[in-house]
Structure formats: structure tokens, C-alpha cells
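Colleague: I would like to go through the labels used for this model and hear what each one rests on.
Modeller: Go ahead; I will set each value against its cut-off.

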Amino acid sequence: MNYFKKQLYILCLLGLLGQAKQSYSQQLPLFSKESNSLSGDWLIGTPQAKAGLFKTKEGHLVFSNGLVSRTFTTLPNVASIGLDELTGNTAFLRSIRPEASVTIDGFTFDVGGLEGQKVHNYLLKECIPSLKANPMAFKFHDYKIEDTKPRFGWKKRPNWMPKDMPWPVPGKELTFTYTLDQQVIDALAAKNKSDQNRALLLEDKFQHLDSGWKLMVSKSHERNSFVNEGKVGEIMALENAAVFAERTVPQEVKVLVAKMNKGTDQSNDWGLGFGLSLTNSNPRLYWRASEGKVVFFDGKRDNGTFEVGKVDQLWFRYEIADKELLAQASLDGQQWRTVGHLPLKSGDKIQLVRVGKMDPNGGNKDGKAST
């Protein structure tokens, strides 16, 4: 999606009360309720009122046809700040809101509008200058006013009409053009890469042991287990024993995330980890709990470290991006730190994902028992 090309057009239409026409000029006439309001009964008379665009002494735009008017500010963004019935001198607008809301490629944007109105059941003109534009909204770019154009092909029914009526109804059309600025484009680019905007292909919260998992449990002790007292994923194991679960994942997967709690584990080389079995290597992100750091093993050697201190839980993450595997860790599951990366060879695919205590090479071999 090219956000640089995103523009939005909002149309406002007002009909002419009478047949007088006015050409548009950038030098807008000054609006006055007294001189620009109708007098008499416009339903039975032939009022010579013009629909047009005016300005106020404050520089606001007023779109009016003598019966009703709509007032806009354009700074710091377009917003409706007045909606008035002129013959009765009645104001209807109480709250400033976005002019519209649109969703593009799953992202919802405000269009125009201002923020900061504290009370929304009445609107004081004095508070308008203090209101701010939403930085993530479509911003005002330009406007133009033209004669109304037919919006669809209307087939006249003369037998239903007292006289031949023009189509489109004579009047004026006010068009605002909006754009997204660079600040929004940059924010969207970052948001588009976030995991929340990816399709979820597989999720397991270990409420029970899914049949897709294969357990690799060390034989070094009878108590070694990936399921402790019915709790799936609560590992019981000796310090240098391998106990983990592995499974296949969908081939189209691009991101893998695992959340881990160290419990009482104080292992280093056999620390809790998040491992992969690739076509050509077995990388592993693992937790050296007693040293307070996360290490990335790229399949041949330790290749990256992240100091995490004495925390109780961590998030591990892999992402396949630009022909490389990014290995990341996080203290909160939101802000990620890249621990290391591994270039991927042509045809390199994820064959298995592993969670738990693996040996230093990402496998299921045991080390020497502690003395």
C-alpha cells in the first residue's frame, strides 16, 4: 500500500434557492447572517438566494444557501465549528468531531476534526483556537467550490412533476481534499510490521498437551518431565538434562513467539530456550538464568547476548525477514531487542520448533551431572 498517494475527498452540497449563479473566486465575500439570510416564506415565494462559499472575519469558511450554513475552520485541520438554521437564528452544533472516519487496508483513520474539547454538550467559540489536530488523522490539503454535478443518471418522470426540473439540482459543491502526512506514514509502516497485524496461524497456551507436540525427555532421572502434576509446560529436570517439546509449524510462518517463566531454574548451557530445526542448522535462543542474560546460538556458536538481569519471565521471538533469521528477546512482549541474526540459505525452512531445556547445540543430549 502506497500511503503517499492516499487522498480523500469530502463533498458538501447545497442547492440554490433561485436561479442566480455566482462564479467562484479566491477572494471570498464576507459572510453576514443578516445580509445572507432569507426573509419571507421560501416555500411559496421565489427568493433570490445564492448558495455559495463565504468567509468570516476570523478567516473561517462558511458554506450557506440563505437557509442553513455550515462553518469550517481549516487550521490546524478542517473541522465543522458551526451548523446554523439562519431564519430562526438557531445553532445546532454542540461538539467538534472528525468530519468522517475511513478504513483503508485494515487501518481506521479520522478525517479532519479537532481534539481537546472538554465538554461536549455545548461549544464556546473562545475554546476553538486552543483545540489541536489529531496527528494520526487525514490533514486538510485544499478545497474548491464548483457547480453541482450529476451524481447518477436520473430518468425524469414528467407526469410526476409540476414542471420540468433541472438535473442536477442547481447549487454549489464544496470539495475538501485531505492527505496523510509523513508522520502518519512512518507510524503506519511501523504498525504494519507489528505482530498484531499478522494472521495468527498457530497458538498453544499449554492448557493441555496437543497431539502435535512430541516430547523429548531425558532418561537421566525418573522425575524428569515436561508435564508436572498435570501442568503442561512446567518442566522438572536436572540442571544439565534435556527436556523439551517439539512440533512442526505451518510452512508460511514468518514469526514465532514464546513466553517463558524460569521458575527455580538456574541453568546456563542447558537453560530454558526457544529452538528451531532448520534445513541447514539448529539455532537456539536460551536463558542463562544464573548469569541474567539471553544468548543466541546460531547453530555453530554463541552469536549475540542480551543482559536481562534477575527477571522471572521473558519473551523470545524469531522472525524470518530479508533472507535472514532475527532472534529477539523482550522483557514485556512489546519492546523487542535483537540478540542475534542468522543468514538463511536458499531453501532453508523451519522444520521444527522446540521449547524447553535443550543441550548447548539445541538437541536432546544430557551433560554431566552436577556434583
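Colleague: What makes a set of 33 residues a nonpolar core here?
Modeller: The model is predicted. A nonpolar core needs buried nonpolar residues joined through side-chain atoms within 4.5 Å. The largest such set has 33 residues, and Leu256, Phe274, Val294, Phe316 and Tyr318 have the most contacts inside it. Strand β16 gives the most to this core, with 4 residues. Another core lies apart from it and has 20 residues, including Leu28, Leu53, Phe72 and Val78.

Colleague: Where does β16 pair with β17, and how many bridges join them?
Modeller: Two strands pair if there are at least two bridges between them. Residues 272–278 of β16 and 284–288 of β17 are joined by 3 bridges, so the pair qualifies, and the two strands run antiparallel. Phe274 stands opposite Leu285 in β17.

Colleague: Why are β15 and β22 said to stand at the edges of their sheet?
Modeller: That open sheet has 4 strands in the order β15-β20-β21-β22, with antiparallel pairing. β15 (255–261) and β22 (337–343) each have a single partner strand, so one side of each is left without a neighbour in the sheet.

Colleague: How many bridges join β21 to β22?
Modeller: There are 6 bridges between β21 (residues 324–330) and β22, which run antiparallel. Since pairing requires at least two, these strands count as paired. Gln328 stands opposite Thr338 in β22.

Colleague: Why is Gly153 called exposed?
Modeller: Exposed means over 50% relative accessible area. Gly153 has 81%, so the label applies. Gly153 is found in the loop between β9 and β10, and its C-alpha atom is separated by 9.4 Å from that of Pro168, 15 residues apart along the chain.

Colleague: Which residues form the nonpolar patch on the surface?
Modeller: The patch is formed by Phe152, Trp154, Trp167 and Val169, with about 410 Å² of accessible area together. A residue needs over 30% relative accessible area to belong to a patch. Phe152 is found in the loop between β9 (139–147) and β10 (171–179).

Definitions and conventions. Residues numbered from 1 in each chain as written. Predicted model: local features only at pLDDT ≥ 70, side-chain atom pairs only at ≥ 80, totals over all residues. Heavy atoms only, no water. Patch = residues over 30% accessible without salt bridge, like charges linked within 9 Å, V, L, I, M, F, W, Y side chains within 5 Å. Areas by Shrake-Rupley, 256 points an atom, 1.4 Å probe, with all protein chains shown as cover. Salt bridge = Lys/Arg side-chain N within 4 Å of Asp/Glu carboxyl O. Buried < 20%, exposed > 50% of the residue type's maximum accessible area, 1.4 Å probe, protein only.
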